[in-house]
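Hi,

Here is the structure I promised to pass on. Have a look at it first, and then read on for what turned up.

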Amino acid sequence: MTSAITVARMTQCYKAFKELDGTWTVVDARTERPAEMGSRTVIGMNQQDAEEFAELFSRLDAQKQETRA
């Protein structure tokens with residue numbers, strides 16, 4: 001079950017950002033830099049994919065935070 005704290009963290013960790021060229025980037029809200037998956041940055045996506053990746057990354061980050069607590 002997802003707690004309210006987890007949901008709050010999820011909405012703040014990663015976000016989809018529209019670039020000037022019309023593509024989308026997943027941004028780490030804490031560093032304001034493009035998110036990375038392995039050795040690749042998550043850039044040049046369409047809006048739907050970027051939003052889904054941002055949600056996934058946020059959820060994974062929240063789970064990681066919960067296991068540390």
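Let's start with strand β2: five of its five residues are buried, so β2 is largely enclosed by the rest of the structure. Keep in mind that this is a predicted model. In a regular strand the side chains alternate between the two faces of the sheet. For β2, both of those faces are covered, with W24, V26 and D28 buried on one side and T25 and V27 buried on the other.

What does the sheet around it look like? It is an open sheet of three strands in the order β1-β2-β3, and the pairing is antiparallel. The two edge positions go to β1 (14-18) and β3 (33-34); each has a single partner strand, so one side of each is left without a neighbour in the sheet.

Now for the pairings themselves. β1 and β2 are joined in the antiparallel sense over five bridges, and F17 stands opposite T25 in β2.

The hairpin of β2 and β3 has four residues between its strands, and E32 in the turn has a positive phi of about 60°.

There is a helix to find as well. Helix α2 (residues 47-68) lies across β1 and β2, and it runs at about 160° to β1.

Is D28 buried or exposed? Its relative accessibility is 12%, and buried means under 20%, so D28 counts as buried. Which residues does D28 touch, leaving out those up to four places away in sequence? The answer is C13, Y14, R33 and A35.

Cheers

Key
Residues are numbered from 1 along each chain as its sequence is written. This is a predicted model: local features need pLDDT of at least 70, side-chain atom pairs count only at pLDDT 80 or more; totals for chains, interfaces and linings use all residues. Side-chain values use heavy atoms; hydrogens and water are left out. Two strands pair if DSSP finds at least two bridges between them. Contact means heavy atoms within 4.5 Å. Axes are lines fitted to C-alpha atoms, for helices over the stretch in contact, and angles run from 0 to 180 degrees between N-to-C directions. Buried means under 20% relative accessible area, exposed over 50%, partly exposed in between (1.4 Å probe, protein chains only).
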